[in-house]
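Subject: Structure for you to look at

Hello,

Here is the structure I promised. Please open it alongside this note.

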Amino acid sequence: MAMATRLLFSVLGLCLFVLLASSAETPGKLTAEQVRRLQTQYQQERAAADKEGLTQKFSPEWYEQAAKLAKQGEDALAAGRLVEARVSFRKARWELPALPPHLPPHVARIFGDGRLRFNGPVLALAYSADGRRLATASSDGVVRVWDTGTGREINQYAGHNGSVFALAFHPDGKAIASADNASLEIKLWDAATGKLLNTFNKHKNHLNSLEFSPNGQLLAGGGEDKRLWVYEIATGNPRELPGHNQPIRAVAFSRDGKWLASIAGSNDRMVRVYDTQTWRLHLTFGPPRGGELFCLAFHPDNKSIAVGTGNPDAARLLSIRDGSERLSFEGHSKRVSSLAFSPDGKRLATGSEDTNIRIWDAATGQLLRSLQGGHSGDITCLAFSPDGQTLASGSMDQTVRLWDVGSEEQYQQLGSHHGAVWSAAFSPNGHHVVSAGSDKVGRIWPVPPGGEEHVLKGHRSPVTAAAYSPDGKYIVTCSGDKTLKLWDSGSGQEIRTLTGHTAAVTSAAFRPDGKQLVSAGADRLLKVWDVASGKELHSRTGHHSVVSAVAWSRDGKYIASAGGDRAVKLWDAQTMKEERTLLGHGAAVSAVAFSADSQLLASCGGDQHILLWNVKSGTVPVKTLRGHSNVVSTVAFSPSGQLLASGGGDQVVKLWDVDSGIELYSYPGHTNWISSVAFSPDGHYLVSASVDRTIKLWELTGQQGAGIRGHSKEITAVAVSPNGKFLASGSADQTVRLWELATGRELFVLEGHPKEITSVVFLPDSKTLVSADKDCTLKLWDTATGTEIRTIRNDGPQLEGIPVMAATPDGKQVTAWLALAEIGTFDMTNGKQAISFELNDYMASRCLTLSADGSVAAVGRTDGTVHMWDVFKKKRLGSELRAYEKPHEIMDLALTPDKKTLVTADNNGEVKIWQLPQRKLLHTIPAHKHKITAVAMSPDGSRFATVAVDNVIKLWDRASGKELRQWDLHLPLLNEPRPFVSVMAFTPAGKQLAIGNADTTLYLLDCP
């Protein structure tokens, strides 16, 4: 290797990686006609939504966002950006809302988005063979079928009475098999209608896994009874396969149907492979390095099996010939609980208890993408779509996420050098790209690709970097020959050579006005040059090693430099005085880049991290981006500043959301270390250069995404403002959201609570909202601006937070049930607690209701009695009211505003109406067949609502005790019930009822 080349590698502080044996395949071709079909589908679906009147049931935000995305798709299609157009139309289709298939009548409005959200952890999912449907199963006992093009729920099967752990789509897409933990039956049902077709019931305990054979003739199931059964679908005949002595966790057929594999739990740690021709045990083996097994999947080549393990936390690829380990996929910090191969076998996705998903090159074990921030719980299940472009993931956090894993037509090859390419940059107008490489030349390429336009010859050593001047007239190149050269970008003619560095020049950047140029080199120097004359204006030292990168901020005030000494330095661009040294990297720093507004600086390096710094004041990183599995050698901000691109030794281009730090996309395609990335000025393209000698042009998708609306976890509190304008909801996601009641538009997201929200209440003037959480923290919010007014912290017991609050008529105080143990009042003007008293034998208190003015409290107890309290006098009101005899327990109760009537509800579905203070029983109503979970009183006291664990809501006339209306949500009654509806609140006029749901939505129900 020549001295200059060795010096170049030293300068960059990076190692050269071995070129992969196989080159990237030619991308598939996306056509304009395919995109137009998507456009037509969107237009038809929008027209159908209008015809169904959905604009009246959902927020106008849905349609506004859909229209914006559709317009974005039209613009991209007209400009020939087909990938962006396709993604935009897909997102537009997802933005159009749809009613749940079993929504009862008299639902006026839906707040939030319940798509792919569940009333419990997601335990299984599966795609149909054509990829048009996705089936999901949850601990809520419901199997749902979704349209993958729109996200709409097509159908559901609610015939289970327990958590559904096992699920499989028949290969013909017409049937689904599922099994729950409360039944010994496997249920086979019609995927289109939900009609039960057959049952199989040889198991002695519940199943954990189901899978059809590829020809659809067999169904294998294994579970807690330690028995592996195979059923003939046509006859129902079962066959038991011996060998297990622990509960079976997973079963899988090979793609050719010749093999059936299974794994068991606990200390078994073995994979068993059966020959499906003879049903004999073919091989038993375990990972050579041990570890408990949690999941498995056959590789499409039918020759190997991937298993997910714990201790060590990794996935292993094992040969079914002899059980030997072919590859190890390591990187998760907790056990690998789920995995899936892409249909072509090129990618392996792994999900973990660490809440992260990783996508690997199945042939090499290289990490392609780390999907972080999408889930907040253990990843329980994964599945690739049949076309391999989408990955579905289910989680303990009660959600399913769909991830775009990248399409093959995402990039075009712009050109190539005769050696490693070190740099690539767009011209200011985006019509050209200049590249530089080890073949000692710079090359100018037209965009879109159309052949080489100019070759910049003149350097005697590899060209390490190239950049356009801000006006596009000039190109500067840096070289291992210790010089910089200035070129005319139009003709490719050399203008002048800048000499002065005593070692290889590694990087250069123009001042925003183009009049000056800064360069850096292996001689540890920074030099500033006058572009017009070529005169050296400044020469500065400061780094203790090679200076590998330099950048000039867009506002012209700062120069950033970085190098092998692990330091990033900020310089005053006018005086060239060092302002700050930013330390945070654990290895050599490879690159730096300023955001377009000059507020942020990004740096990256050998520690595999990207650090974001506040330019004006930062001395510590404001954010660290982790996801690369090797040296990060290049970073670049998008023109909008919303995105950051990076690349490096793991051969993958990554795209990050700057605000959240979440990795959005990962683009595999290069076959060696990526040396440079840059955005086009319009933000539609990204160029990357690589040691594999190529320059690739990536078409980026539109950045206006289809957002997830509303809360991310179940609704735990709801209130309607006295003026009828606002709906407030609190959630287990620790946020409060303020909605416009008339339209469903989300107005504000109120963040700051440290724990899940337990109650919300408006003050009488509707100008202030009070929220409380499980930490017994209260916050006051301005409903006009969404800003926090005050935080009130309670130093008392913090058992269950503050589940009930009521405001006094003057709005000066709020009465609260504190941590189930005491009742207190808080002064809204100074935040101090005014009254506090402990409830007698509070451990027996099950529920509490407050009168509308907060002056009277009724406490329901586990022994069936009610205790009444005068809050402001801190004393009991009379003797206890014996509402029910044991074993009946009071589940909830409600007071009329005049405090003259009390409604109680018990665990057998019975409602009683009492006259106060005489404690006279007026009505006994067998309201529900099952336990009642919540009661709500209308503002005028004439009506009340109840909801039970059977997920039926009923409206009652308080005076007569007659049922006025019911809403059946058509959800199963589980052995271990999880209420779908946990909170309710009437509108001020009592004509509508708002309910908060476990799937993160709120419904506004019309009352008669």
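Predicted model: local features only at pLDDT ≥ 70, side-chain atom pairs only at ≥ 80, totals over all residues.

Residues are numbered from 1 along each chain as its sequence is written, and side-chain values use heavy atoms, with hydrogens and water left out.

**Helix 2**

Helices (H or I, at least four residues) and strands (E, at least two) are DSSP runs, numbered from the N terminus. Helix 2 covers residues 32–51, 20 residues in total. From first C-alpha to last it reaches 29 Å, close to the 28 Å expected at 1.5 Å a residue (1.5 Å times one less than the number of residues).

Its buried residues are Val35, Leu38, Gln39, Tyr42, Glu45 and Ala49. They sit on the same side of helix 2, because they cover an arc of only 130 degrees around the axis (taken from the directions from the axis to the C-beta atoms). Gln44 and Lys51, on the other side, are exposed. Buried means under 20% relative accessible area, exposed over 50%, and partly exposed in between, with a 1.4 Å probe and protein chains only. Helix 3 (60–78) and helix 4 (82–95) are among the elements covering the buried residues. After helix 2 comes Gly53, with a positive phi near 75 degrees.

Two strands pair if DSSP finds at least two bridges between them. Five bridges link strand 3 (133–138) with strand 4 (143–147). Ala137 has Val143 as its bridge partner.

Another open sheet, also of four antiparallel strands, runs 29-56-55-54. Strand 29 (411–416) and strand 54 (674–679) each have a single partner strand, so one side of each is left without a neighbour in the sheet. Strand 29 is joined to strand 56 (694–699) by five bridges. There, Tyr411 is partnered by Trp698.

**Nonpolar cores**

A nonpolar core is a set of buried Ala, Val, Leu, Ile, Met, Phe, Trp, Tyr and Cys residues joined through side-chain atoms within 4.5 Å. The largest has 43 residues. Ile953, Val981 and Ile995 are among those with the most contacts inside it. Helix 3 gives the largest share, seven residues. Apart from this core lies another, of 17 residues, including Val770 and Phe826.

Best wishes

Terms used:
Contact = heavy atoms within 4.5 Å.
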